[in-house]
Amino acid sequence: MKKHNFSAGPCILPQEVLQQAAAAVTNFNGLDLSLIEISHRSKDFVEVMETARSLALEHLGLTGKGYQALFLLGGASMEFLMVAYNLLQQKAAYLNTGTWSSKAIKEAKLFGSLVEVASSKDQNFKYIPKGYTIPNDADYFHCTSNNTIFGTQMHAFPTMDCPLVCDMSSDIFSRQLDFSTFDLIYAGAQKNMGPAGTTLVVVKEEILGKMDRPIPSMLDYQVHIGKDSMFNTPAVFPVYVSMLTLKWLKDLGGVPEIEKINTSKASLLYSEIDRNPLFEGFAAKEDRSLMNATFNLTEGANKEAFDTLWQDAGINGLNGHRSVGGYRASMYNALPLESVQILVDVMQTLEKQA
Ligand SMILES: *Cc1c(COP(=O)(O)O)cnc(C)c1O
């Protein structure tokens, strides 16, 4: 039986997507060839890339609004530097909400001066700072919408005069937002879209091309746009699986529908964390993530019993990140509500046993 997969990333993908992907590895589109042994310039693959790009824009409500979707290599971590390479002329503003934001800040510092507008490091990133000001002369403002490790999520975004850049790696396509207020969104595929190996970048074209410094071709968004995201060989398999997931999401009713499911999953788990005296949440309540729920046992003595219970129940990937400890339940789009119910049942069994 399939495990209840709460892994933080790489993570669960829809079962039917995995089956379709497996079939395409042996015989793609009835070509009697594998998806991964045909030319990326073939008509069949070009169609995959184009479908993935257009579905990404469609799900975000950005079709025909001056945005381009790219499937690039190098992971979300590559975007930490590509964003700065392409947009940081003098000074950029960053919000520091965790490990990934900190890494983005470290890379951007190589390209210009940085203003850290606020940080929640003083409390091990358990909350999202609010009420900060973004300097008027910043080239852009960068934030991380969902902090995968700490289990916090931005439920509101500031308004500003400069472009808004957001790392949405772990909550892309999970909830409705007015995505047209963002100028550049990036997301590593392996949290809510597909296998590791490709990164989605959605960028408003008008913010590009304003840089004095020369940009190496591979790191230049405009080069990738000019080549329809095929400047070099793309990650054909990850792009194909991402396309399948985006189609799966569309058949399900798109982002509005998945948001309802994600909200039910999160409220089921958080209610239990708050009700059950053996557990306590890590993140500040108002900033809790719908995707990654971080929590602890109130008494360490229950650890062995709890770990045995959830492992016996077929649950995978519940251990917290080493910088937080405790537990983390990642409830990405493909995780069924029933898996969350199993976890809640296990938490209640522990309470009865203790
Ligand atoms: C996982 C993650 C990353 C890093 O992604 P890579 O593809 O491994 O570089 C960056 N940001 C966030 C928010 C993440 O969750």
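This is a predicted model: local features need pLDDT of at least 70, side-chain atom pairs count only at pLDDT 80 or more; totals for chains, interfaces and linings use all residues.
1. Start with the shell around the ligand. There are 13 residues in it, and Ser 77, Thr 148, Asp 167, Gln 190 and Lys 191 come nearest. By class, the shell splits into eight polar, three nonpolar and two charged residues.

2. Which helix gives the most to this shell? That would be helix H3, residues 75-87, with four residues.

3. Now for the polar side chains facing ligand oxygens. Thr 148 has a polar side-chain atom 2.5 Å from an oxygen atom of the ligand. For Ser 77, an N or O atom in the side chain is 2.6 Å from a ligand oxygen, and for Gln 190 the corresponding distance is 2.9 Å. As for cover, the ligand taken alone exposes 390 Å², and the protein buries 88% of that.

4. On to Thr 198, which is worth a look in the viewer. You'll find Thr 198 in the loop between strand S9 (184-188) and strand S10 (199-204).

5. What does Thr 198 touch, leaving out residues up to four places away in sequence? The list runs to Phe 71, Leu 72, Gly 188, Ala 189, Ala 235, Pro 238, Val 239 and Ser 242. With Leu 72 there is also a polar pairing to check: a polar atom of the Thr 198 side chain lies 3.1 Å from the backbone oxygen of Leu 72.

Key:
Residues are numbered from 1 along each chain as its sequence is written. Side-chain values use heavy atoms; hydrogens and water are left out. A residue is near a molecule or strand if one of its heavy atoms lies within 4 Å of it. A polar contact is a pair of N or O atoms within 3.5 Å; within protein, one must be able to donate a hydrogen and the other to accept it, and residues adjacent in sequence count only if both atoms are side-chain atoms. Accessible areas come from the Shrake-Rupley method with a 1.4 Å probe; for residues, only the protein chains shown count as cover. Helices (H or I, at least four residues) and strands (E, at least two) are DSSP runs, numbered from the N terminus. Ala, Val, Leu, Ile, Met, Phe, Trp, Tyr, Cys and Pro count as nonpolar, Asp, Glu, Lys and Arg as charged, and the others, Gly among them, as polar. Contact means heavy atoms within 4.5 Å.
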